[in-house]
Amino acid sequence: MSSQLAPIPILNQNASEERGEIARLSSFVGAIAITDLVKTTLGPKGMDKILISASNPNELIITNDGATILTKIYIDNPAAKILVDISRTQDDEVGDGTTSVCVLAGELLREGERLVQQKVHPQTIISGWRLALETARAALQASTQDHSSDKVKFREDLLNIARTTLSSKILHTEKDHFANMVVDAVLRLNGNTNLDNIHIIKKSGGSLRESYLDEGFILEKKIGVGCPKRLENPKILIANTAMDTDKIKIFGGKVVVDSMTELSKLEDAEKEKMLNKCKKIVDHGINCFINRQLVYNLPEQYFAEHGVMSIEHADFDGIERLALVTGAEIVSTFDHPELVKIGTCKLIEEVMIGEDKVIRFSGIPSGEACTIVLRGATSHILEEAERSIHDALCVLAVTVAETRTVLGAGCSEMIMSKAVDELAAITPGKKAMAIESFAKALRQIPTIIANNAGYDSSELVSQLKAAHHQGDKKAGLNMRDGCIGNAEELGIIESFKVKQQVLVSAHEAAEMIMRVDDILRAAPRQRKNLQH
């Protein structure tokens, strides 16, 4: 009889399984731990994290960008990995809101865990959350503004969005300077959302204030020895071809010679072959040759003698961008000059930035292209500045495509939570508890922003909630003075698409984790001993 009651193992002996409440608790704990890790970076007074590489202790990153923190840390918990994925998706889709989406999903799960402990079934919680999501989204859409028809107002909106995005970053001390810079760069694109036209280069030295927007393309390379250093109205050939065969390189074979004369003939044949290639390139009628690969001494000398500027090792990103902005095509063979698309611009010259020489292409036909030159004291500051600028550019590009805006400073979250609370009041049954929990999770965003600034969050959020219930739909947190203010007058404006993406992604991730009731871990692969 006892043998009939014994459990029958169906998994490999080293595989593990967590069921029911234990599996759910494991998921909640992992997701909430990740939320607690990044929530201190949220808002204009958020703190930074130092990330140190395990393999190289000298490699460290100082950042408060949610996506960077989450993608750089090693995580073993499956639920936590889901939050990392939504943060990465948020970064790819809209560029900003990477911390907010993770925090909102974590707070939803915190509320969900409380309801599960009160014996509310996960499916009931999920249906309540879905009703709350639709109501919150409708309230968010109703609170949007669109100034795209008025160019002056729309530019002011873009500046405010850029300032709001940069206010939580390292650039907050110079946010007006950088906001103007990124808005000018995005408006140059004329509605195009391809940010490849905006090149960012980092140069150590000076201060952040010395960063500037250059209306041209800057390549961080050097012009070949003896070549012209300045060209007006150049004809540019961009290539990805081997220009280093002036040395004998016969792969996979042996050449046996019995005298130095024969070796010399081989070398001469190689040189002749290289010179013929150089002649074909010059016959295109160009006076600037840019190659992705190295250009050795012999071809460099040939180009210098024929008055052609040669630039070597313009890495793949460099030549892809150059081809895009100068209107050229990247070529590898040179037998048909009539089929090759030659690039052009008004001026190529060598300029100094700090202590480094760079090559500047001015008056490029693609008037959309520009370069943001970042200056800063250390490489860590420059890297964080680049991440901040990238976030701002992505948000602005999204806003140019989807021109509606919403108020920030916790205002949008309070508008949504008020609408969700009103839905809970008229919803019968246990679903009402789930809907209330959704509203509470939304109110956690302004609570965390106030906590990170060192203010009394309970007092501020209760004042904010009261203001919204009294009909002040523009009330938000003023983190400069630690009080409630008018978010529109404070200029705290965010992109509608970013806010909506945060809401939808956080709900989807929380719902996915809430559905889990079983975690199966495969047995680790057995390593076989190698017998010699």
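Of the 64 residues in the largest nonpolar core, those that touch the most other members are Leu83, Leu104, Ile125, Trp129, Val420, Phe438 and Leu503; a nonpolar core here is a set of buried Ala, Val, Leu, Ile, Met, Phe, Trp, Tyr and Cys residues joined through side-chain atoms within 4.5 Å, and buried means under 20% relative accessible area, with exposed over 50% and partly exposed in between (1.4 Å probe, protein chains only). The biggest contribution to this core, ten residues, comes from helix α14 (residues 431–452). Apart from this core lies another, of 43 residues, among them Ala162, Val395, Val398 and Ala487.

The model is a predicted one, in which local features need pLDDT of at least 70 and side-chain atom pairs count only at pLDDT 80 or more, while totals for chains, interfaces and linings use all residues. Residues are numbered from 1 along each chain as its sequence is written, and side-chain values use heavy atoms, with hydrogens and water left out.

Not counting residues up to four places away in sequence, Trp129 touches Leu108, Leu109, Gly112, Ala434, Ser437, Phe438, His507, Ala510, Glu511 and Met514.

The protein as a whole has 17 helices and 20 strands, which are DSSP runs numbered from the N terminus (H or I and at least four residues for helices, E and at least two for strands). Of its 532 residues, 48% count as buried, and among contacts between residues at least 6 apart in sequence, 75% join residues at least 24 apart.

Helix α5 (residues 98–117) contains Thr98 and also Cys102. Thr98 is buried, with a relative accessible area of 3%, and, leaving aside neighbours within four places in sequence, Thr98 is in contact with Asp65, Gly66, Ala67, Ser87, Gln90 and Asp91.

A search of the whole structure finds two aromatic pairs, where rings of Phe, Tyr and Trp (its six-membered ring) pair if their centres lie within 6.5 Å, and planes under 30 degrees apart count as stacked, over 60 as edge-to-face and the rest as tilted. Phe289 and Phe303 form a tilted pair, 5.1 Å centre to centre with 35° between the planes. Because Phe289 lies in strand β9 (residues 288–291) and Phe303 in helix α10 (residues 297–305), this pair ties together parts that are 14 residues apart in sequence. Both Phe289 and Phe303 are buried. Tyr302 and Phe303 form an edge-to-face pair, 6.5 Å centre to centre with 80° between the planes. Tyr302 counts as buried at 15% relative accessibility, and Phe289, Tyr302 and Phe303 form one aromatic cluster.

Ile62, in strand β3 (residues 60–63), counts as partly exposed at 32% relative accessibility.

Definitions and conventions. Contact = heavy atoms within 4.5 Å.
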